[in-house]
Amino acid sequence: MALHDSLADRLFYTNRKSYTDQKENIAYLDAKGLRRPFSMPKAQRVIAAIIVVAAIFIGYMIVDKTVLNTYREAAAFEKTIEENLARPASIDTLPNVAVLMPLDNETIMASLNETGLKFYDMTELNDSYDLMVCKLPDDMTAEEAAALYANGIGSLQATQATKLLNGSWTLGVDRENSTMIVRYCDFKTGDPQIAVQNAVIKEGFDTASITESGVDDSGNTFSTGTIETESGTYVWKVSALQLDEIYSISGLPEKACYVGVRLTSA
């Protein structure tokens, strides 16, 4: 029986044309396929190149919209915070509470406006004080401040909080309790005790008049004393604590302090 007619040939050799050479009972495969060049045809190389370029482009777009975009947003976020904190500090423009204390509300506002600083009257938004006014950062309008306060400081992003809080302070007057209080944030000192000392010096309080210092039951670092003025004797208290004890805002400087200056008639 001829090789091509054998049962094994009929069962296993499906591509009979590939056997082109036969000597006696041995069939040899066609070697043309082995002699063909191994390089990809030009047309196929072009198509492959287009696929590779498209894959690289798509990959870049994916990375750009995820990793790189996230990095850019984080960098822009940090840059904005740095720019906000580079502005003049709140303590630079603090009012002298001992001077303002004996004045009525209208005279206090007139005195503040004479400084040329920008203010936002918050009296109608607060029932605890007869007068509540916020000194605004130089680059912020009353409308912007009102919108941020309406959202609640604790709900602000760090970029918004630093823009509002650095360079601003609030002044509250409580006539019933003969008290005036100024509150502000200290982003540069980093230590409540130093923040208290700086505020004492800024307000012109005599350190020799200090009657008590330490940490109160609420965790505030404080100093308290008295000051004699032409209008009478007042008891002052300056206190500070870490800002994150009051507001949990991601991205704020960890050692920022919240400072309060309180003056009360003796």
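Author: A pocket is an open set of grid points with protein on both sides within 12 Å along at least five of seven lines, and a residue counts as lining when it has an atom within 4 Å of a point. Please keep in mind that the model here is predicted.

Reader: With that in hand, which residues lie nearest the centre of the second largest pocket?

Author: Of the 13 residues that line the second largest pocket, Ile181, Asn220, Ser239, Gly260 and Arg262 lie nearest its centre, and the space in this pocket comes to about 180 Å³.

Reader: Which strands supply at least two residues each to that lining, and what is its make-up by class?

Author: At least two lining residues come from each of β6, β9 (232-242) and β10 (257-265), with β10 giving the largest share, five residues. Sorted by class, the lining of the second largest pocket holds seven nonpolar, three polar and three charged residues.

Reader: Which strand gives the largest share of the lining of the largest pocket, and how many of the lining residues are nonpolar?

Author: The largest share, three residues, is from β6, while β5 (169-174) and β6 (179-186) each supply at least two. The lining of the largest pocket has 10 nonpolar residues, together with three polar and one charged.

Technical notes: Residues are numbered from 1 along each chain as its sequence is written. This is a predicted model: local features need pLDDT of at least 70, side-chain atom pairs count only at pLDDT 80 or more; totals for chains, interfaces and linings use all residues. Side-chain values use heavy atoms; hydrogens and water are left out. Helices (H or I, at least four residues) and strands (E, at least two) are DSSP runs, numbered from the N terminus. Ala, Val, Leu, Ile, Met, Phe, Trp, Tyr, Cys and Pro count as nonpolar, Asp, Glu, Lys and Arg as charged, and the others, Gly among them, as polar. On a 1 Å grid over the protein atoms alone, a cavity is a set of points where a 1.4 Å probe fits but cannot get out, and a pocket is an open set with protein on both sides within 12 Å along at least five of seven lines; lining residues have an atom within 4 Å of a point. Grid points are joined across faces, edges and corners, and a volume is the space filled by probe spheres set on the points.
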